[in-house]
Amino acid sequence: MGAKVYIKHKESGMMKIGGYGFCWTYFFFGFFIPIFREELGVGALHLLFTCVTFGVWQLIACFIYNKQYMTRMLTSGWELAGTEEENRAAKSALGIED
């Protein structure tokens, strides 16, 4: 359900693995995933939502987290760095037009 694609920072050249589609890691580890990805504010917000909704938010976020994460990354200086086919599939899943 979820797929991985490499992303690269335009200025520094640093590489990371991004994803799109269902997020299995978020399903199992919840708000810890944004924290591990160095998004402390997002992780705190997700913890709050999870507590307020008694865990229902975690089930919903599994479907939307990867898209939100990739959108934040691609709007802050990162670009897709996979093969043409991987980039095309990621753009399609993320709703990015060429």
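Helices (H or I, at least four residues) and strands (E, at least two) are DSSP runs, numbered from the N terminus. The model is predicted, so that local features need pLDDT of at least 70 and side-chain atom pairs count only at pLDDT 80 or more, while totals for chains, interfaces and linings use all residues. Residues are numbered from 1 along each chain as its sequence is written, and side-chain values use heavy atoms, with hydrogens and water left out.

In helix H5 (residues 84–94), Asn87, Ala90 and Leu94 are buried (under 20% relative accessible area; exposed, over 50%; partly exposed in between; 1.4 Å probe, protein chains only). Viewed down the axis of H5, these buried residues line one face of the helix, because they fall within an arc of 65°, taken from the directions from the helix axis to the C-beta atoms. Glu84, Glu85, Arg88 and Ser92 are exposed on the other side of H5.

Strand E1 (3–9), strand E2 (15–20) and helix H1 (24–29) each contribute at least two residues to the lining of the largest pocket; E2 gives the most, with three residues. By class, this lining comprises six nonpolar, five polar and two charged residues.

Notes
Nonpolar A, V, L, I, M, F, W, Y, C, P; charged D, E, K, R; others polar.
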